[in-house]
Amino acid sequence: MSGLEHLLQGFQIALDPANLMMCLIGVILGTMVGVLPGLGPIEAMAIMLPISIRFGPLAGLILLAGVWYGAQYGGSTTSILVNIPGEASSVITTIDGYQMTRKGRAGAALAVSAIGSFVAGTIGIVILQLFAPPLAAAALSFGPPEYLAIMLLAFVALSTLSGDNPLKGAMMIAFGAFLSTIGIDRIAGIQRFTMGIPNMMYGINFVPVAVGLFGIAEIIRLALNPYVPSPMKSVRFRELYPNREETRRSIMPILRGSFIGSLFGMLPGTPAVLASFTSYSVEKSISPRKAEFGKGAIEGVAGPESANNSAVILALVPLLCLGIPFAPVAALLLAGLEMHNVTPGPLFIQDNPDIFWGFIAAMYLGNFLLLILNLPLVGLFARVATLRPRVLIPIIGVLCLFGSYMTRMALFDVWVMIGAGIVGFILTRFGFPLVPLVLGMVLGNILEDNLRVTTQWLNGDFSLLLTRPITLVILALIPVYVFFIRLAGKKVFRNGIKE
Amino acid sequence: MEKIKSISKTELIIYGIFCSFAAAMLSPSLKLGLGEKGDLGPGLLPLAANLCVLITGIALAISVLIKREKIDPSGESEKIDRKGWLRSGGILLNFALWPLLVGIVGYILSTLLISLGLAKVVGYKDWRRPIILSVSITFCIWLIFGVLFQLDLPSGFSF
């Protein structure tokens, strides 16, 4: 069966009313979350994860992914209208987006942002669709040593690239890896650190920990410092048209942004943030109207908004092809799939073509839904941003309680969630990144399995790794990658912050 | 300067907790067995992870002691008043009450009480709006999880 036939079959699956409904709910919810300050896609996906489990692997994946890329769309709305980024990757959009609002061009900025996001998202999906199957096929030739090397790259990169202090990231990922070992050892069959608690025999469930770390910790933070919603400028539908000059000036930044986002998307860390900052720097450096940047240049909106959307889509490549999440939200998707006993990796596309192609088709649909929903409903989404924390906290709080309970129908998980929430809040206040902790929990078991298989495979003689060129290249890449990305990231962020 | 010093101390306490925990887990990890050549034991990853926590924790504590004046917790320099802490405490208390209540009074009453408690704690002065909010939340959760997903919601004497 050809790729096109697979895709058509995928559309048949994605157009199933239940899947379409999940897609719609996901993108609407994601957009709403994107406009809310404080709540981001990680928090929303953590809260939605237990709910998504109820719908099966494909519908659950569609729902979670919809929240993810919907939040990228939504994040730009408040950046443009009130100078408050809904998302970290939309921070750079505030610079020129808000200036356009002040000049009375808010509608044009929102329209260019939505169209750019749609184009970039579509380009990202096309690249994912073309790139993932051959990459997965190539990954089939990887042996345990190659996987171990990729795991190590992910571990080192994700711990050192999260937050300001790499040591804190390393500490968190190690602690997460330790938590992943709690429960019955899958190979030896003995209990590890269960303290005689029956609920601990199956390990600490990832879902209540994620809900606590992101959902409950955010609620505590909101309660400590409740924000006052900013008055939102109303934008009428007929104002949502960029003029001819703005349209002409947006085309190339959108294409360049899509390309930059596609490149950054497959790198470990926070690809959407880095892609949007890089895109802004590139647009500013090559623009003949440099002086306009910071005063409402449409290129400063079109480029970054496109870059962050394509980065989000391409961040799925390592997860779907290698089974290794390179981005925090991909870890949540992995956790969601594993709960259905679906393991992403080189055999994922071959063994689960319905899920893969249905998911690809659903992303095309979701991207289109976002475009047709976002522009007419921009006023409604903007009003979501005016919801006060006193309305949000009870809703999110009860959802967190139910989400944690529903995963295994165990009250023990609710206690785990509350504990994780308190720990998460304390850690965040002292600058500890929580994402590596969650990734450590997800990747810990995979790392241990790969380490054991590799050791058996090499019969304990690790010098044999030197005879594996791909393994050697990946291992050599670790320090080089971390050094250059940290350096480049700092430079790009510094340039953005200067604005 | 006083505030900065207290923050440094709290951060040191956090590192201390992590390091103590990791150190306490070293011996149980070793007891699980590290395995032999070609066959790793179940204690290896926990041991490696705890060693990493211990080493990074000590390194971070030393860095705090060396440059304590630069500490700023996660860039959050905002002041938190007493009311803020009370609100957070009230929220956590509500969360802790739910698993205690739900087995006794059932889903409907416990969720109604908890959402009402949360709404009051976070700042509603009157009773009308919190009651409307909590009834709406409880009804929606019942509709979604109980009716749509057909889940067995926890029951007690009230449900």
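Helix H2 of chain B buries Leu44(B), Leu45(B), Pro46(B), Leu47(B), Ala49(B), Asn50(B), Cys52(B), Val53(B), Leu54(B), Thr56(B), Gly57(B) and Leu60(B).

Chain B holds four helices and two strands, and along the sequence they follow the pattern α-β-β-α-α-α. The chain is divided into domain 1 (2-75) and domain 2 (82-148). The centres of domain 1 of chain B and domain 2 of chain B, taken over C-alpha atoms, are separated by 37 Å. Of the 159 residues of chain B, 32% count as buried. Among the contacts in chain B with a separation of 6 or more, 56% are between residues 24 or more positions apart. The average pLDDT of chain B is 83, and 84% of the residues score at least 70.

Chain B touches chain A. Each chain puts residues into the contact: 49 residues from chain B and 49 residues from chain A. On the side of chain B that touches chain A, at least two residues come from each of helix H1 (2-32), strand S2 (39-40), helix H2 (44-66), helix H3 (82-121) and helix H4 (128-148) of chain B. H3(B) gives the largest share of that side, 14 residues. By type, the residues on the side of chain B that touches chain A are 32 nonpolar, eleven polar and six charged. For the model, the scores are ipTM 0.87 and pTM 0.81.

The largest nonpolar core has 204 residues, and the members that touch the most others are Met45(A), Leu64(A) and Ala210(A). Helix H6 (residues 106-139) of chain A gives the most to this core, 17 residues. Chain B takes part as well, since the core draws at least three residues from each of domain 1 (2-75) and domain 2 (82-148) of chain B. Not counting residues up to four places away in sequence, Ala210(A) touches Ala46(A), Leu49(A), Leu332(A) and Val438(A).

Is Cys23(A) buried or exposed? Cys23(A) has 28 other C-beta atoms within 10 Å, and 20 or more make a residue buried, so Cys23(A) is buried. Leaving aside neighbours within four places in sequence, Cys23(A) is in contact with Ile62(A), Gly66(A), Ala362(A), Leu365(A), Gly366(A) and Leu369(A). Cys23(A) and Leu130(A) are 107 residues apart in sequence and, C-alpha to C-alpha, 22 Å apart in space.

The loop between strand S2 (191-192) and H9 of chain A includes Phe193(A), and Met195(A) lies in the loop between S2 and H9 of chain A. Most residues other than glycine have a negative phi. Phe193(A), however, has a positive phi near 55 degrees, and Met195(A), which is not a glycine, has a positive phi of about 55 degrees. Phe193(A) counts as partly exposed because it has 18 C-beta neighbours inside 10 Å. Met195(A) has 7 C-beta neighbours inside 10 Å and therefore counts as exposed.

Chain A averages a pLDDT of 83, with 91% of the residues scoring at least 70. Confidence in chain A is highest in helix H19 (residues 411-429), at a mean of 92, and lowest in helix H21 (residues 469-498), at 71. Where pLDDT is low, the predicted coordinates should not be read in detail.

Conventions. Residues are numbered from 1 along each chain as its sequence is written. Chains are lettered from A and ligands numbered from 1 in the order in which they are written. This is a predicted model: local features need pLDDT of at least 70, side-chain atom pairs count only at pLDDT 80 or more; totals for chains, interfaces and linings use all residues. A nonpolar core is a set of buried Ala, Val, Leu, Ile, Met, Phe, Trp, Tyr and Cys residues joined through C-beta atoms within 7 Å. A residue is buried if 20 or more other C-beta atoms lie within 10 Å of its own, exposed if 12 or fewer, and partly exposed in between; C-beta atoms are placed from the backbone. Domain bounds come from an automatic or database domain assignment. Two residues are in contact if their C-beta atoms, placed from the backbone, lie within 7 Å. Ala, Val, Leu, Ile, Met, Phe, Trp, Tyr, Cys and Pro count as nonpolar, Asp, Glu, Lys and Arg as charged, and the others, Gly among them, as polar. pLDDT is the predictor's confidence in each residue, from 0 to 100.
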